[in-house]
Amino acid sequence: WRKPDWAYVEAGEPVPPPGDPSRFVEGELGAYVLNLGDGYLIHGTKREELLGRPASHGCVRVGAEDLAKLYAQVPTGARVFIFQ
C-alpha cells in the first residue's frame, strides 16, 4: 500500500515526497487487492475487527476468507456495482 497524503495529514505527520520509501506499507491491504480505478479498492485489512466500521476513505474492506473467494471468482475487467 502506498500511504496517501491524507493519512499523514490526519496523523499530524509531515508529508514525505511521493516516491519516499516510508510511504510503502507492506501487507496493509491483505493478500488481495481489487482495483476499481480512481483510487477505489476492494481489499483486505490487518484489522478485521474493524470491518463494518468507518475506517476507510472510500475503499471497501473485506475479510480475508471472503476476499480470497471473490478474487478467485471475479474475472479481470468485470463491472462492479456497489449499493448502499
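Analyst: In this predicted model, buried residues make up 20% of the 84 residues in the chain. The secondary structure amounts to two helices and three strands, and these follow one another along the sequence in the pattern α-β-β-β-α. Taken along the principal axes, the C-alpha atoms fill a box of roughly 40 × 30 × 25 Å. Of the contacts with a separation of 6 or more, 21% are between residues 24 or more positions apart.

The chain carries 9 positive and 11 negative side chains, with the centres of the two sets 3 Å apart.

The requested part can now be described. The largest pocket holds about 480 Å³ of space. Its lining comprises 20 residues, and those closest to the pocket centre are Trp1, Trp6, Leu29, His43 and Ala55. Helix α1 and strand β2, the latter spanning residues 40-43, each supply at least two residues of this lining. Helix α1 itself covers residues 5-11.

Apart from neighbours within four places in sequence, leucine 29 is in contact with Trp1, Leu41, His43, Gly44 and Thr45. By contrast, isoleucine 82 is 53 residues from leucine 29 in sequence, and their C-alpha atoms are 19 Å apart.

Histidine 43 leads on to strand β3. The C-alpha atoms of histidine 43 and arginine 61 are separated by 5.1 Å, although the two residues are 18 positions apart along the chain. Arginine 61 is found in strand β3, which consists of residues 60-61. With a relative accessible area of 17%, arginine 61 is buried, because the value lies under 20%.

Another arginine, at position 2, is in the segment before α1. Arginine 2 has a relative accessibility of 39% and so counts as partly exposed, since that class lies between the 20% limit for buried and the 50% limit for exposed residues. Leaving aside neighbours within four places in sequence, the contacts of arginine 2 are with Pro18, Arg23 and Phe24. The C-alpha atoms of arginine 2 and valine 25 are 6.4 Å apart in space, while 23 residues separate the pair in sequence.

Definitions and conventions. Residues numbered from 1 in each chain as written. Predicted model: local features only at pLDDT ≥ 70, side-chain atom pairs only at ≥ 80, totals over all residues. Heavy atoms only, no water. Helix = DSSP H or I, 4+ residues; strand = E, 2+ residues; numbered from the N terminus. Buried < 20%, exposed > 50% of the residue type's maximum accessible area, 1.4 Å probe, protein only. Contact = heavy atoms within 4.5 Å. Lys, Arg positive; Asp, Glu negative; His and termini not counted. Charge placed at Lys NZ, Arg CZ, Asp CG, Glu CD. 1 Å grid on protein atoms, 1.4 Å probe; cavity = no way out; pocket = protein on both sides within 12 Å on 5 of 7 lines; lining within 4 Å. Points joined across faces, edges and corners; volume = space filled by probe spheres on them.
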